Amino acid sequence: MLYFGGLLGLMGLATLVFRDADVAGLPAAAAGVGLLVVGAAVAGFGLLRRARRRRRVARGEPVPIGDFFERTRALPRLLRAARQEGYAGLPKSRMALWVLALVYLVSPIDILPELLPIIGVADDAGVAVWLLTSVSTATGLYLRHERDRSKLPPV
């Protein structure tokens with residue numbers, strides 16, 4: 001998020017410096033300032049998330065492990081463990097939210113219709129980003145759970 005915010009800020013700065021014509025019907029100055037403000041907000045949010053993550057690690061909370069492919073392969077095991085074995089790391093409410101997010105992304109009904117130029121796609125993008133982040137974090141924590149469980153001596 002920090003890098004994305006910086007990229008948005010650079011785009012806003014470049015728009016202010018190099019663009020004279022309107023941008024999507026907005027004056028170049030307004031578009032540049034808007035991008036700068038959004039970039040600063042996203043970068044600030046990224047800094048807050050990074051600080052929060054460091055505090056969690058310092059308190060000893062588990063950190064997700066694994067790369068994209070390991071986490072993708074672990075997803076069916078996670079869902080099976082949550083359904084059959086009662087894995088406590090994935091509450092049923094989170095799985096229900098995942099299903100609702102998938103239904104929302106697939107359904108033609110939107111809170112903000114796609115007829116609105118940029119904002120119409122933003123709600124779908126936000127739901128998709130949340131869904132991917134949530135699934136990735138849950139599978140990373142499940143991989144850590146599997147690894148920690150395999151290190152325990154047999155009973």
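A search of the whole structure finds one salt bridge, a term that here denotes a side-chain nitrogen of Lys or Arg within 4 Å of a carboxyl oxygen of Asp or Glu. The model is predicted: local features need pLDDT of at least 70 and side-chain atom pairs count only at pLDDT 80 or more, while totals for chains, interfaces and linings use all residues. Residues are numbered from 1 along each chain as its sequence is written, and side-chain values use heavy atoms, with hydrogens and water left out.

**The salt bridge**

Select R77 and E146, whose side chains meet in the salt bridge at 2.9 Å, N to O. R77 lies in helix α3 and E146 in helix α5 (residues 119-151), so the pair ties together parts that are 69 residues apart in sequence. Helices (H or I, at least four residues) are DSSP runs, numbered from the N terminus. R77 is partly exposed, with a relative accessible area of 30%, whereas E146 is buried, at 17%. Buried means under 20% relative accessible area, exposed over 50%, and partly exposed in between, with a 1.4 Å probe and protein chains only.

**Along helix α5**

Remain on helix α5 and select G140, which is found there. G140 counts as buried, at 0% relative accessibility.

**Helices α3 and α4**

Next, display helix α3 (residues 68-85) with helix α4 (residues 92-106); they pack at an angle of about 130°, with their axes 11 Å apart. That makes α3 oblique to α4. Axes are lines fitted to C-alpha atoms, for helices over the stretch in contact, and angles run from 0 to 180 degrees between N-to-C directions. Angles under 35 degrees count as roughly parallel, over 145 as roughly antiparallel, 65 to 115 as roughly perpendicular and the rest as oblique. The crossing of α3 and α4 is left-handed, a label used if the near helix is turned anticlockwise from the far one by less than a right angle.

**Helices α1 and α2**

Turn to α1 and α2, which pack at an angle of about 165° with their axes 7 Å apart. The two helices are therefore roughly antiparallel to each other, and their crossing is left-handed. On helix α2, select L48, which is exposed, with a relative accessible area of 59%. The C-alpha atoms of L48 and L2 are separated by 9.6 Å, although these residues are 46 residues apart along the chain.

**The nonpolar patch**

Finally, show the surface and select L10, L13, L16, V17, F18, V33, L36 and V37, which form a nonpolar patch with about 770 Å² of accessible area together. Patches are made of residues with over 30% relative accessible area and no salt bridge, nonpolar side chains (Val, Leu, Ile, Met, Phe, Trp, Tyr) being joined within 5 Å. Accessible areas come from the Shrake-Rupley method with a 1.4 Å probe, and for residues only the protein chains shown count as cover. Which elements give two or more residues to the nonpolar patch? They are α1 (2-18) and α2 (28-59); α1 gives the most, with five residues. L36 lies in helix α2 and is partly exposed, with a relative accessible area of 30%.

Note on methods: Patches are made of residues with over 30% relative accessible area and no salt bridge: like charges are joined within 9 Å, nonpolar side chains (Val, Leu, Ile, Met, Phe, Trp, Tyr) within 5 Å.
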